[in-house]
Every structure is written in structure tokens, then in C-alpha cells.
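The following note sets out several points for a colleague to check against the coordinates. Please read each point with the structure open.

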Amino acid sequence: MSLPKDFLWGGATAANQCEGGYLEGKKGLGTVDVIPWGEHRRAVMQGQLHYNELPKDSYFPSHEAIDMYHNYKEDIKMFAEMGFKCYRFSFAWSRIFPTGEEAEPNEEGLAFYEAFINELLRYNIEPVVTICHFDVPLALEQKYGSWRSRKVIDAYVRYCDVIFRRFKGKVKYWMTFNEINMLMHLPFMGAGIMFREGEDEVQVKYQAAHNELVASALATKLAHEIDPNNKVGCMLAAGQFYPYSCNPEDVFAAMEKDKGNYFFIDVQSRGAYPNYAKRFLERNQILIHMEPEDERILRENTVDYIAFSYYTSRLTSANTDVGEKTSGNVIAGIRNPHLKASEWGWQIDPLGLRITMNSLYDRYQKPLFIVENGLGAVDILTEDGTVEDDYRIAYLEAHIEAMTEAVEIDGVDLMGYTSWGCIDLVSASTGEMKKRYGFIYVDKDNEGNGTMKRYKKKSFEWYKKVIKNNGLN
Ligand code: BG6
């Protein structure tokens, strides 16, 4: 037994973290383009500080990022050299519909992605496209308040219609929303939600979630109608919650936390609001506005696969006073004394990946796709132009081993593995360049200085071998 022959090895990125060219080719502003680096970043991402109130000299890392907009040929060539079977990236919605509501899509934006995809196909790299990775055309936020309005469902479905037709036969793997559950934690980053004074934030978040879920189902329907070969996935910021102790109260608390994340995937994969979610909404007097056809749309258009990111497991307790707090991939928890952590405090738990995979597969019985995993670390470029990133190799090796065991021993059906930030890019949570994930080093610092030159790290050759061997040995 081993990993399947057609296993999709590759890397993953997102437009706003690597593309740059934020106004080039008639692109419009996206919500991600007004999220600054620095002390105000978190408040903006949470939808608590309005981007109009930022200091005039704020620096926005998405504007240039690593300039993949101009360097994509060189970057894809390096991915091909590593032997990538697939490459996961996202379209910037506002490159195709600059304000979200034009009568016609922006041809320059479509042509850019067409050239990009052609370049991948030239090397037999399968494109895996995230339709929306944390970006909404800013005009839709200004006009409708982003996903709180059903108008945005219409705009999203039109965008999907355009891209499914244009890239028919070239792109087969799609994901409707990156880390759809991020909406609950960082509403502006996750879904373009900026709160207004005095409003019920929980109500707004659940309404936005419902609208995204309907949009996701409508996109899935359309993708299947336009090309029955299309495979559409949901995407979860995953990572099992562990109970802090064997006290049943803690075990229950962990189960409840997991349900908070599963909620989205339960709807996208099983096609209906689960009972626990209905009761939660009732109990908390959260009234979601639904159209009569929504239930049918959700029921009839479930996803083909479950994609997820995994960086860490999480620890929780019924008792709010225990343990030291930590933030792993944004979702806060308690520090796990059995685990080491990255320089950014994200705890390292390879077995947690196997546990998470088993939980997701048992629950949904659909193929899984690990579309993000990796170690954000400080890298030092040596004089001979490389990075001795043995720590990254160790992290990835341990996770790939756990992943392989989940497949070979536990029988989890897994389509592929794309390591996050295969080329260094802007960090989503901090806006830094210093937090690097790549096999390829990009010479740029947090303030935007640097030559932007690309260098192969030690992990580059290591990953190339892993792909060639279809696994660790
Ligand atoms: C995921 C996101 O949450 O984690 C990515 O989908 C993000 O966009 C990645 O970059 C790693 O997080 P960070 O904050 O280290 O960039």
C-alpha cells in the first residue's frame, strides 16, 4: 500500500498574498487591499476598525506582495522543477469584476489568468483554483456591506459563471471559499464584514455565513452544469480541538468547539443545517433571513471533496481560567504542554493531522484534500544564496508521515497535499514577509524593501525528492 499514483503533490498560495499588481490590468480594489501591516491590522481584520480611519502613511502588503503578477513565469518554472503535480492559487475577484457588478467582466483580468493557467498546463501542472480567498471587491463592501447582503450572492454567482465557462476544460478542481469558518474569527479578512455601530455582530456573522453557503451551493451547481468533470470542494481551517483534561466537562467543551467549525462543512457536504446549529440559532435568537428555495439549493448541491488547512491542533477547557492562552492559525486556544511551538506560537502536532483527517473522513466520507500545511519561520539567506531550513524539512516530514499513515493505516481517502506558501509570501495573520513558509526564498522584508529575487532553499531539493518518490521513501 502507498499513496495513490495520481496523488496531487504541490504547493498553495493566494492572490492577495503573492500577486501584487493591485491596480494593474484594470483591477479594482479588493477588501484585502485595505488591510494594513502593523498595529492596526488585527482590528481591521476583525471588522472593528474601519479602513477609512487608518493613518495616511499605512503600508498595505497586498499591493505589491511578491509581484507574482509580473514574475509568474519564473515562479511556475521553479514549481515545475520541483515536480509539482498541481498548484493551488486563487483568482482575485476584483481583477475579473473590478467593482463586482460590471455588465461585462474585465477581459484583461481573464486574459491574465488564462496565460497563468496555460503556463501551468505547459508543465502538466494541474491548476487548483480557490474562487474566493479572503477577497471581495471593495465596492461590494461599500455598497452592500459585503456578505451580509444577498446581492453579493448574485455577484459571486455571475463571477463563477464567467470563470467556469472561460476555463472549461483547463481547470477541473475548484474551491468556493478559502477557510469559510474564518468569517467567525476575522470577519473582515474572512468575508469583508465591517461592523456598524450598535449592530448584533453574531447575527451579522450568521447571516453572512448563510449567504456564503447558498453562494457556494449555487456555484457548485453551476460548475457541475457547465462541465460535469468539474470537482468542487469546500475548504475548512481545520485542526481538532482536544479536551484540556479527561473531565467530561472538558471533553464536551472540545466537542462543542469542533462543531463550531464543522457547521459550515456540515452544510456544504451534507446539504442541510445540522440540528445542533438550528437549536443554537433558536436559543440565541439569531434569525437568519432565508429564501424559500435556499433549503433545496443547499440539499441538492453538496461538494465533491473536503479541502482543509492544517497547521495545528487546538486545546480547550470548560474552565476559562486554566492554562496559558495561545493563538494557532488565528483560532485561540490553550497552550498544550506536550507540544513545541513555532516562533509565532503555533503549536506543532503532526499526529494531530492524522487525528483531524480521521475525524473529517469519518464524518463526511468524501475524499479529503490537504490544501495548506507548513511552518512559518524566520529564514536566513546565506552568502551563497540559499537557506538551511532543516527545521522546515523536519516539520513537513513529520506531517507527511502522519498524513501517509492516515491513508495507509487508517484508510482515509486523500486526493493530494499542497504545502502552504510554497514560495515565500505575505503572512495573512500578521502581514509580515518575515514569516516565511516557502521552498523558494523571496528577497523582500516587512517594510517592502528588497530585490524580490528568488532563491532555492534546502527544502526545495528535499520536496522535489518527496514528489519524485510519491512520498517519503
Ligand atoms: C491560512 C490562510 O489561514 O493560513 C492563508 O488560508 C494563510 O491565507 C495561512 O497565509 C498561514 O497563516 P499566516 O498567518 O501565517 O500567513
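1. Eight strands form a closed barrel in the order β1-β2-β3-β4-β5-β7-β13-β14, and their pairing is parallel. From one strand to the next, the twist averages 25°. Strands here are DSSP runs of E with at least two residues, helices are runs of H or I with at least four residues, and both are numbered from the N terminus. Two strands pair if DSSP finds at least two bridges between them.

2. This is a predicted model, in which local features need pLDDT of at least 70 and side-chain atom pairs count only at pLDDT 80 or more, while totals for chains, interfaces and linings use all residues. Residues are numbered from 1 along each chain as its sequence is written.

3. Tyr173 stands opposite Lys231 in β5. Helix α14 (residues 390-408) packs on the sheet, where it touches β13 (368-372) and β14 (414-420), and its direction makes about 170° with that of β14. Axes are lines fitted to C-alpha atoms, for helices over the stretch in contact, with angles running from 0 to 180 degrees between N-to-C directions.

4. How do α14 and helix α15 (residues 458-468) cross, and at what angle? Their axes come within 9 Å and cross at roughly 25°. Helix α14 is therefore roughly parallel to α15, a term that covers angles under 35 degrees. The crossing of α14 past α15 is right-handed, that is, the near helix is turned clockwise from the far one by less than a right angle. Asp390, Arg392, Ile393 and Ile400 in α14 meet Lys458, Ser459, Trp462 and Val466 in α15, contact being C-beta atoms, placed from the backbone, that lie within 7 Å. By class, this contact has four nonpolar, one polar and three charged residues. Ala, Val, Leu, Ile, Met, Phe, Trp, Tyr, Cys and Pro count as nonpolar, Asp, Glu, Lys and Arg as charged, and the others, Gly among them, as polar.

5. The axes of helix α9 (residues 201-226) and helix α10 (residues 248-270) come within 10 Å, crossing at roughly 30°. Helix α9 is therefore roughly parallel to α10, and its crossing is right-handed. In this contact, Ala209, Leu213 and Ser216 of α9 meet Phe264, Val267 and Gln268 of α10. Its residues divide into four nonpolar, two polar and no charged.

6. The ligand is surrounded by 15 residues, of which Glu179, Gly376, Ser427, Ala428 and Ser429 are the closest. A residue counts as near if its C-beta atom, placed from the backbone, lies within 6 Å of the molecule. This shell holds four nonpolar, eight polar and three charged residues.

Note on methods
Contact = placed C-beta atoms within 7 Å. Parallel < 35°, antiparallel > 145°, perpendicular 65-115°, else oblique.
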